[in-house]
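Subject: Structure handover

Hello,

Here is the structure I promised to pass on. Please open it and keep it beside this email while you read.

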Amino acid sequence: MRFLNLFGHHQSARTAQHRLQVLLMHERSAGGKADLIPMLREDILAAIGKHVIVDLDKVRVRVERGDAVSLLEIDIEIPTNVKPMHTAPVQQAELLS
Amino acid sequence: MAQVVVVTSGKGGVGKTTSTAALGAALAREGERVVVIDFDVGLRNLDLVMGAERRVVFDLIHVVQGTARLSQALIRDKRIDTLFLLAASQTRDKDALTDDGVERVIRELRPSYDWIICDSPAGIERGALLAMRYADIAVVVTNPEVSSVRDSDRIIGLLDSTTQKAKTGELMEKHLLLTRYDPVRAGRGEMLSIDDVLDILCIPLLGIIPESKEILHASNVGAPVTLNNPTSAPARAYNDAARRLQGEVVPLVVPSDKNTLFNKLLGRRAA
């Protein structure tokens with residue numbers, strides 16, 4: 001971006017075009033599964049929640065959409081003094097249902 | 001405790017989103033804690049103008065519906081760490097926005113910020129009414145052009161009748177932000193003059209933003225104009241407007257069409 005700015009504003013339309021291409025590609029492909037990220041988050045939290053208690057306020061989800069790949073970052077704070085939950089396999093199955 | 005500002009106009013394309021981004025960034029640059037909220041559900045654009053379009057995970061609708069926490073939906077600006085964006089949903093219906101939900105979001109944000117700036121959608125429907133409902137201050141964005149002035153007049157009427165302030169008998173503080181002002185055309189009498197607009201709308205002037213290519217460049221690269229080129233004419237005008245919002249008395253600079261020596265040297269028109 002800075003590099004482009006060195007050449008003045010003539011390049012800014014190209015920047016705009018590239019930004020729009022990336023954005024619209026994501027928005028068009030999203031279609032019905034626009035809530036993919038929230039769904040992934042729910043599933044990941046449910047999986048971790050089977051073993052430790054997760055405070056939803058201590059969960060940070062970030063995404064950086066790129067041209068070829070997107071990066072999904074989920075930071076979950078787990079208190080160090082928490083003992084893992086010993087859940088019987090049967091109960092785990094109930095949790096999932 | 002935050003001041004809640006609605007940036008509104010009635011008419012589309014007059015510069016609400018540009019102005020929200022520019023004012024928000026100008027205030028945040030002064031060290032104020034600012035959150036800008038996009039109320040245009042289904043047609044969001046504030047994320048694009050702020051350059052955060054690749055980083056939206058959760059939005060206003062997720063928070064309103066309780067699927068995400070406010071802290072998770074707020075996107076911190078990469079350039080100024082006191083500037084935050086709450087994006088609108090691109091996929092939901094505008095009816096997903098509820099009065100109770102908006103009231104709760106504003107109530108939760110108020111203690112932690114100095115400014116909450118609500119970018120209203122065009123029109124006078126649900127989204128526009130909810131964007132203004134809990135505001136303390138309204139910035140009415142107007143172009144010196146007949147249909148924009150007429151729509152602004154309609155919006156001023158709604159600010160005085162449908163908002164929380166109006167319902168509790170308080171007066172909504174209203175300011176006019178004149179945008180896309182072209183001094184050359186105004187000088188030739190082709191465009192409504194500043195006085196014409198002020199005479200009709202009868203609200204105090206917050207600033208005059210000159211028509212400028214800098215606005216387009218800023219949105220091309222996804223940066224508020226006050227960050228992208230802080231010394232440009234529109235950025236200076238937005239900075240002054242932000243200081244006036246803060247209560248400072250700043251002399252008003254009317255964009256002029258006379259060429260300065262600097263501009264003559266560069267062979268370009270003023271503004």
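Predicted model: local features only at pLDDT ≥ 70, side-chain atom pairs only at ≥ 80, totals over all residues.

Start with the strands. Chain B has an open sheet of 8 strands, and its pairing is mixed. The order across the sheet is β3-β4-β2-β5-β1-β6-β7-β8. Which strands stand at the edges? They are β3 (75–76) and β8 (205–210) of chain B. Each has a single partner strand, so one side of each is left without a neighbour in the sheet.

Now look at one pair inside that order. β2 (residues 34–38) and β5 (residues 115–119) of chain B run in the parallel sense, joined over 5 bridges. To find one of these on screen, pick Val34(B): its bridge partner in β5(B) is Trp115(B).

Helix α6 (residues 126–133) of chain B touches β1 (3–8), β5 and β6 (137–142) of chain B. The direction of α6 makes about 150 degrees with that of β1(B). Helix α13(B) also packs on the sheet, where it touches β7 (173–181) and β8 of chain B. Its direction makes about 170 degrees with that of β8(B).

**Two helix pairs in chain B**

Stay with α13, residues 233–245 of chain B. It packs against α1 (residues 16–29) of chain B at an angle of about 65 degrees, with the axes 9 Å apart. Angles of 65 to 115 degrees count as roughly perpendicular, so α1(B) is roughly perpendicular to α13(B). The crossing is right-handed. From α1(B), the contact uses Ala22(B), Leu23(B), Ala26(B) and Leu27(B). From α13(B), it uses Tyr238(B), Asn239(B), Ala241(B) and Ala242(B). By class, that gives 7 nonpolar residues, 1 polar and no charged.

The second pair is α7 (residues 146–159) and α10 (residues 194–201) of chain B. Their angle is about 30 degrees, and their axes lie 10 Å apart. Angles under 35 degrees count as roughly parallel, so α7(B) is roughly parallel to α10(B). This crossing is right-handed as well. Which residues meet here? In α7(B) they are Val149(B), Ser152(B), Asp153(B) and Ile156(B). In α10(B) they are Val197(B), Ile200(B) and Leu201(B). The classes are 5 nonpolar, 1 polar and 1 charged.

**Chain A**

Next, the other chain. Chain A has 97 residues, and 4% of them count as buried. Its secondary structure comes to 4 helices and 2 strands. Along the sequence they follow the pattern α-α-α-β-β-α. Take the contacts in chain A with a separation of 6 or more: 49% of them link residues 24 or more positions apart.

**Where the chains touch**

Last, the interface. How many residues of chain B are in contact with chain A? There are 16, and they contact 20 residues of chain A. On the chain B side, α4 (70–73) and α11 (213–221) each supply at least two residues. The largest share comes from α11(B), with 3 residues. By class, the chain B side has 3 nonpolar, 9 polar and 4 charged residues.

Best wishes

Technical notes: Residues numbered from 1 in each chain as written. Chains lettered and ligands numbered in written order. Axes fitted to C-alpha atoms, helices over the stretch in contact; angles between N-to-C directions. Parallel < 35°, antiparallel > 145°, perpendicular 65-115°, else oblique. Left-handed = near helix turned anticlockwise from the far one by under 90°. Contact = placed C-beta atoms within 7 Å. Nonpolar A, V, L, I, M, F, W, Y, C, P; charged D, E, K, R; others polar. Buried ≥ 20, exposed ≤ 12 C-beta atoms within 10 Å, placed from the backbone. Pairing = 2+ DSSP bridges.
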